[in-house]
Amino acid sequence: MRTDTGQVFRLEDYRPTDYLIPRTDLTFRLSPDATRVTAVLTIERREATATSAPLVLDGDGLTLKRIEIDGKSVEQADLLMTPDQLTILQPPAARVFQLTMETELAPAGNEALMGLYRSSNVYCTQCEAEGFRRITYFLDRPDILSVYTVRIEALRDEAPLLLSNGNPVDKGDLGDGWHYAGWHDPFPKPSYLFALVAGNLGKVADSFVTQSGRNVELGIYVEPGKERLAGYAMDALKRSMKWDEEKFGREYDLDVFNIVAVSDFNMGAMENKGLNVFNDKYVLADRETATDADFANIEAIIAHEYFHNWTGNRITCRDWFQLCLKEGLTVFRDHEFSADQRSRAVKRIAEVRTLRAHQFPEDQGPLAHPVRPRRYREINNFYTATVYEKGSEVVRMIRTILGSDAFRAGMDLYFERHDGEAATIEDFIRVFEDASGRDLSQFSLWYHQAGTPNLTVSSKHNPVAREFTLEIEQSVPPTPSESRKRLMHIPLAFGLIGAGGEPVAYSGVEGASVEDGVIHIRKRRHIVRFSGVSERPALSLNRGFSAPVTLSVEQKADDQFFLARHDSDAFSRWQAFNTLLTDTLIAAVRHTLDSKQHAFARRLTELAGDIAGDETLEPAYRALALGLPGEADIARDMGKNIDPDAIHTAREALALAIGSANQGAFSSLYDSLADKAAFSPDATSAGRRALRNTLLDYLALLPGGAALAAEHFHSATNMTDRAAALAVLAHRHHGSHEATTALAAFETSYGSDALVMDKWFQIQASVPGQQTVETVRALTSHPAFSMSNPNRVRSLIGTFFSANQIGFHRADGEGYRFFSRMVLEVEKRNPQVAARLATALRSWRSLEPGRQAKAREALLAIANTENLSADLRDIVERTLA
């Protein structure tokens with residue numbers, strides 16, 4: 001475990017290496033405790049590199065057994081070895097030479113799950129970001145592109161399946177029970193995309209014919225006996241391949257494409273060239289074991305990793321500062337895929353909810369950083385919502401500014417110009433400027449400047465002059481290391497809506513550039529005047545969430561109610577209702593409700609009933625609209641002096657008011673939505689289930705609610721309904737006979753299925769209440785729980801930290817003390833997972849003073865621990881700074 005945190009990497013310090021590695025030949029002799037790796041590297045000195053320049057290779061915890069240059073042993077005096085580097089002090093004077101190294105690894109003992117590890121008797125690699133250096137010494141950075149040829153040797157009984165990147169080239173028997181397989185990847189790639197998998201796995205086979213007529217063999221490998229659970233993943237893969245051809249003109253380039261599902265994995269999945277490795281929760285699914293959300297996640301993540309073949313693999317990032325160039329761009333692509341496969345409006349709302357829940361708090365706290373960071377100490381800690389989700393929003397804004405045709409032309413130029421290269425954000429922006437003739441220099445600040453911009457907006461209408469005026473002012477709050485912010489280019493989509501719900505026409509506009517329903521905010525203050533507007537319109541802003549900003553709008557509540565009923569933009573209609581809910585909840589938390597606001601709340605409950613019964617709206621949309629803002633969302637919007645108990649109380653009271661006011665209508669609609677057809681994971685069916693389960697959550701608060709939820713649970717024919725009812729019982733009727741019986745029945749039915757038991761852990765960890773910390777502590781001793789498995793840790797401990805506001809933020813600080821103990825316990829095995837858990841307290845300064853003090857104590861308890869990993873220390877020190 002690396003504990004050195006002294007080095008800070010800075011974007012401005014980037015320089016090319018003195019040497020290249022155009023070819024890499026690897027031979028693995030697999031053994032759980034003593035795997036031998038022979039690396040034969042073709043080393044090429046750059047033309048500008050002096051012959052006296054040393055060759056400095058990256059390493060991490062390696063045992064070097066042999067090293068040769070051009071077939072001759074290298075003397076110890078000619079080497080300099082540290083825990084993280086191998087330096088050859090005097091390389092040969094020849095421009096090209098061959099370096100051979102043999103290292104020894106112990107995959108079975110690698111609980112960090114980085115480099116080569118062995119889990120459930122399967123050998124697996126994870127090399128992003130810096131795991132390849134745990135396999136052999138290398139120039140382990142994204143701008144070193146090499147053609148890999150790999151030979152894997154293993155005992156046939158132990159590992160009948162031998163996979164690596166690229167295309168298979170040969171295989172055979174070695175005698176004494178050993179066999180081998182050879183793989184060759186003709187496309188140069190960085191070391192972080194190297195992959196190896198070996199073990200006994202079942203296969204689901206299929207094929208895909210590309211647009212040029214090439215046949216690609218497809219394989220999904222899973223634990224034997226689970227092949228039937230990979231059918232949906234295979235279908236999603238084929239749909240992804242076809243979509244990328246149709247929407248971006250991108251055809252797959254190898255003869256085979258393989259996916260492997262493993263049970264121990266730090267991430268969701270990894271896009272290794274031609275050999276994607278997946279956390280099995282994003283591959284395995286059927287109606288008995290997976291929810292509709294699981295099916296949607298499988299579809300999206302299968303697509304995401306496949307789309308990386310061009311945005312990440314064929315064109316990679318020059319350095320880790322450019323991480324958003326592959327991740328943010330590919331998230332944008334998978335969002336578009338999901339929108340086309342399902343409901344664009346529902347998908348957009350879900351995307352924005354995720355962004356606000358995870359990225360906005362990041363921007364508002366001590367871990368804030370630009371979409372392209374300028375410095376880091378541990379790159380693993382920058383796989384963040386800012387890089388992924390905000391990075392996707394920046395790409396989306398480019399399309400909004402340029403239009404779909406110019407955006408596609410820019411993407412085509414990007415693929416043509418940079419195929420086979422390691423590119424930068426500047427390269428990416430330049431192709432859109434060249435394709436469109438537009439200047440995007442101010443817009444590019446979205447990549448370089450941290451923080452969430454706020455737009456303050458006021459409006460007035462002059463009926464005599466027939467003029468409607470908007471005053472818009474932008475500001476970006478200070479973030480760590482950035483106290484002064486530059487002005488952004490913000491594309492603000494808008495609509496002017498008349499009393500009948502129709503668009504209001506205008507004859508002219510001045511004060512800002514307005515194109516295709518978008519106001520381009522470029523200055524600190526704009527006064528935008530629309531002429532020819534005879535009636536006062538309702539103002540719809542940031543339609544479709546055209547920019548990741550916050551809005552402070554002087555707007556009457558009547559306008560918000562009107563927009564919630566009539567806005568033609570589906571996102572903005574949802575946003576209007578969500579804003580009304582949020583404002584009501586914040587007023588209740590602050591005890592500022594008066595008689596006028598009580599009347600406001602009654603209007604709100606009536607509107608909720610109308611939305612629920614509006615058959616012109618998709619059921620999935622109605623389910624999202626009826627879902628109250630989460631407790632963490634309310635806390636974020638309140639900003640400071642947060643009391644989680646008060647937020648929970650206010651939210652429960654509003655839920656009860658909505659349920660009580662609409663009991664009859666909700667009950668009738670609930671009954672009408674019962675499944676009558678066989679289960680299907682399609683979007684329409686999933687939407688009906690989502691709405692029915694949302695109604696159940698409201699009805700469970702009313703008399704007879706526990707019995708209704710228990711009946712829902714016991715009559716469920718699929719995991720979506722079963723898990724939803726169990727969550728309602730556990731959360732609404734904790735400790736009741738119905739809840740206790742359902743939890744026991746679920747455990748009895750699924751105790752041997754780890755992924756389903758994750759749902760059981762998750763539901764119990766999120767039960768609101770003071771007692772949940774004791775429940776979670778006890779469940780860490782459950783036979784189905786394992787501290788070594790990231791999925792188990794995230795489902796139980798991670799859920800408690802991130803999704804249980806009143807349990808985690810207990811006023812006596814017990815949740816925080818449990819936090820520090822668990823983070824340190826996990827860190828002993830897996831520093832990456834521990835560091836991600838530690839981000840749960842990134843917003844600790846927004847809490848009320850008593851909780852602030854106790855949260856700080858917990859963070860200090862971690863910070864003062866000796867020999868912390870680089871991953872964890874980096875997060876904790878930045879959180880405390």
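Modeller: A residue counts as buried when its relative accessible area is under 20%, as exposed when it is over 50%, and as partly exposed in between. The model discussed here is a predicted one.

Biologist: Are Tyr252 and Tyr306 buried or exposed?

Modeller: Tyr252 and Tyr306 form a tilted aromatic pair, with 6.0 Å from centre to centre and 45 degrees between the planes. Tyr252 lies in the loop between α1 (231-248) and β19, and Tyr306 in helix α2 (residues 292-307), so the pair ties together parts that are 54 residues apart in sequence. As to accessibility, both Tyr252 and Tyr306 are buried.

Biologist: Which residues form one aromatic cluster with Tyr252 and Tyr306?

Modeller: A search of the whole structure finds 46 aromatic pairs. Tyr252 and Tyr306 make one of these pairs. The cluster that holds both of them also contains Trp243, Phe248, Phe257, Phe307 and Phe337.

Biologist: Which strands are the edge strands of the open sheet?

Modeller: Five strands form this open sheet in the order β28-β31-β26-β25-β33, with mixed pairing. An edge strand pairs on one side only, and this holds for β28 (508-510) and β33 (550-553). Neighbouring strands are turned against each other by 20 degrees on average, direction ignored. The edge strands are thus named β28 and β33.

Biologist: Which residue in β33 stands opposite Leu455?

Modeller: Strand β25 covers residues 454-462 and pairs with β33 in the parallel sense, over four bridges. The residue in β33 that stands opposite Leu455 is Leu551.

Biologist: How far is the backbone oxygen of Ala112 from a polar atom of the side chain of Asn266?

Modeller: Asn266 is placed in the loop between β19 (256-262) and β20 (269-270), and it counts as buried because its relative accessibility is 4%. Beyond its neighbours within four places in sequence, Asn266 contacts several residues, including Ala112, Leu113, Pro790 and Asn830. For Ala112, the distance from the backbone oxygen to the polar side-chain atom of Asn266 is 3.0 Å.

Biologist: What is the relative accessibility of Gln359?

Modeller: Gln359 sits in helix α4 (residues 344-364). Not counting residues up to four places away in sequence, Gln359 touches Thr354, Ala385, Thr386, Lys390 and Thr452. Gln359 counts as buried because its relative accessibility is 1%.

Biologist: How many disulfides does the structure hold?

Modeller: A disulfide needs two cysteine sulfur atoms within 2.5 Å. For Cys127, the nearest cysteine sulfur is that of Cys124, 9.2 Å away; for Cys317, it is that of Cys324, at 8.8 Å. Cys127 is buried, because its relative accessibility is 0%, and Cys317 is buried on account of 0% as well. The number of disulfides in the structure is zero.

Conventions: Residues are numbered from 1 along each chain as its sequence is written. This is a predicted model: local features need pLDDT of at least 70, side-chain atom pairs count only at pLDDT 80 or more; totals for chains, interfaces and linings use all residues. Side-chain values use heavy atoms; hydrogens and water are left out. Two strands pair if DSSP finds at least two bridges between them. Helices (H or I, at least four residues) and strands (E, at least two) are DSSP runs, numbered from the N terminus. Axes are lines fitted to C-alpha atoms, for helices over the stretch in contact, and angles run from 0 to 180 degrees between N-to-C directions. Buried means under 20% relative accessible area, exposed over 50%, partly exposed in between (1.4 Å probe, protein chains only). A polar contact is a pair of N or O atoms within 3.5 Å; within protein, one must be able to donate a hydrogen and the other to accept it, and residues adjacent in sequence count only if both atoms are side-chain atoms. Contact means heavy atoms within 4.5 Å. Rings of Phe, Tyr and Trp (its six-membered ring) pair if their centres lie within 6.5 Å; planes under 30 degrees apart count as stacked, over 60 as edge-to-face and the rest as tilted.
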